[in-house]
Amino acid sequence: MKNLQKEPVPTISMEEKPGRKMIEIIGLKKGFNNQEVLKDISLQLFSGENLVVLGKSGSGKSVLIQCIIRLLVPDAGSIEVLGKDVNSLNRYELDELRKKIGFLFQSGALYDSMTVKQNLEFPLRRIRKHLTEKEIKEKVNEVLENVGLADALDKMPSQLSGGMRKRISLARTIVIDPSIMLYDEPTTGLDPVTSDEISALINEVQKKYKTSSIIITHDIECAKATADRIMMLQDGEVYLEGNINDFENSTDPIIKSFFK
Amino acid sequence: MKNLHPVIKIKSFATGKSVKISEKTLEKTQMATEFFSDIGNMAIFIKEIFKETFSRDFEFKEFLRQCYEIGNKSLPLIAITGAIMGVVLTIQSRPALEDFGAVTMLPGMVAISIIREIGPVITALILAGKIGSGMGAELGSMKVSEQIDAMEVSATNPMRYLVVTRVLAATFMVPILVLFADGLGLFGSWVGVNIKGDVSIVLFLSQAFSSVEFIDFFPALVKSFFFGSVIGIVGCYKGYNAGRGTESVGVAANSAVVLSSLLVIVVDLIAVQITDMIL
């Protein structure tokens, strides 16, 4: 982490953290075509907290969470999720771990060929195999009500607006009751009102489902609304870690350019 | 001699010395590298398909859905193609046989042509266009819109769910569609014969099948399985390995059709050689 030039902002010490470590990353490095995208990243996510990872486009934010769920394999470093070393898991163990993690994609990634109902049933039928048809139906209706789209059950993804797609995508993610949520740019491409609604929804999900979340964003309003703790990435390195006040009060020019 | 292409200096891997090389040569070398790495990647892809085919939790429902998508939805296209193929082949062959006074051999000749070669190859080429492009575009757009990644993080193996089911469905459906096209081709031939004559369907079929033997039928059916595998594997490979941009979807669909059509012809050549050696 870089030293701040004018006003050093303290990072939160381990003793102040609320719960157990859900994710611990040490010395993560990842590059593409001889270009280092992540250079020695370390972070911890604690139980019940929302960690916002801020940074401008190309700073490696999305690469970071894709490494956490092993959509990308890191070049170096260790990633422990719920006490398990992600990089040493075999396919079966990885699938078991992924059942406890929800991942909201930037594009929503709804299955185009399926209705909203089928999109929500897809992970449920594969991950919660013991559920009866009645329980599946109840669960689908419950999460749709939670995201405020109970009447969208039979719609196709192409019939949904950008905000609705994000909500349905969030519903598909929380339908499996994950312990950890990873949000990749949840408010990108949405109008300010819908962005605020999604941010509020992220907080509701945290409270209702008791999830621990990493929220990747460059939207300051989303960060302010959702963050318990913020980590800023700059050129593939952790530039600053702290709470929202630390960032707002900082006189560092790079941080000020984000929070102006 | 004047250099037609710009020359650049690069360090030789072998000697460590600086050598001059034209940009055109470098470009060709990169193309060759991409070509060979593509072959290597496809070999790994095929190995993965085999591995996932025989793994537990086979996606049987999705396999049946793909059989319906590939088989049932291709029926009208194959029916029209097969029937026209029979009519045209009969009309075109008649003058040549008339010259030798051998018009009565027309049903038999057309039946052998359709069953041995034209039926399987034309059907496979039509399906390479329909199924191959469909798989390339569908999986390519799923890749671009992160749907394959979404499947992966939902603890569902996309290779097993998307690829194995499509490849197997193509492998089993193409031979069935070939048989269907053969049948419609013979029907079309009967129609073609009756344009200038009056032959009952029973007489036509008895003349046609008196010329056809099991060794005409069996190799054609076996190679149809390989045609189906090739179409499925190439379509899925191109779609599954599409780039991240939207233009990659078009590239994946296009290259799936081109490569699978080419490979159908190559497989046919190999199959004919093997059949010729064995029978």
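At what angle do H5(A) and H6(A) pack, and how far apart are their axes?

**Entry 1: basis.** I worked on a predicted model, in which local features need pLDDT of at least 70, side-chain atom pairs count only at pLDDT 80 or more, and totals for chains, interfaces and linings use all residues. Residues are numbered from 1 along each chain as its sequence is written, chains are lettered from A and ligands numbered from 1 in the order in which they are written, and side-chain values use heavy atoms, with hydrogens and water left out.

**Entry 2: helix packing.** I find that H5(A) and H6(A) pack at about 10°, their axes lying 11 Å apart. Helices here are DSSP runs of H or I with at least four residues, strands are runs of E with at least two, and both are numbered from the N terminus. Axes are lines fitted to C-alpha atoms, for helices over the stretch in contact, and angles run from 0 to 180 degrees between N-to-C directions. The two helices, H5(A) and H6(A), are therefore roughly parallel (angles under 35 degrees). To the contact (heavy atoms within 4.5 Å), H5(A) brings Gly163(A), Lys166(A), Arg167(A), Leu170(A) and Ile174(A), while residues from H6(A) include Glu197(A), Ile198(A) and Leu201(A).

Entry 3: I noted a salt bridge from Arg167(A) to Glu197(A), with the closest N and O atoms 2.8 Å apart; the term requires a side-chain nitrogen of Lys or Arg within 4 Å of a carboxyl oxygen of Asp or Glu. Arg167(A) lies in helix H5 (residues 162–174) and Glu197(A) in helix H6 (residues 192–209), so the pair ties together parts 30 residues apart in sequence. Arg167(A) is buried at 14% relative accessibility, whereas Glu197(A) is partly exposed at 36%. Buried means under 20% relative accessible area, exposed over 50%, and partly exposed in between (1.4 Å probe, protein chains only).

Entry 4: I then examined Arg229(A) and Glu49(A), whose side chains form a salt bridge at 2.6 Å, N to O. Arg229(A) belongs to strand E9 (residues 229–234) and Glu49(A) to the loop between strands E2 (35–46) and E3 (50–54), so parts 180 residues apart in sequence are tied together. Arg229(A) is buried at 1%, and Glu49(A) is buried at 5%.

**Entry 5: a pair within one helix.** I recorded Lys224(A) and Glu221(A) as a salt bridge at 3.9 Å. Both lie in helix H7 (residues 220–226) of chain A, three residues apart, about one turn of the helix.

**Entry 6: the wider search.** In chain B, a network of salt bridges links Glu62(B), Arg65(B), Glu69(B), Lys73(B), Glu138(B) and Arg166(B).

Key:
Angles under 35 degrees count as roughly parallel, over 145 as roughly antiparallel, 65 to 115 as roughly perpendicular and the rest as oblique.
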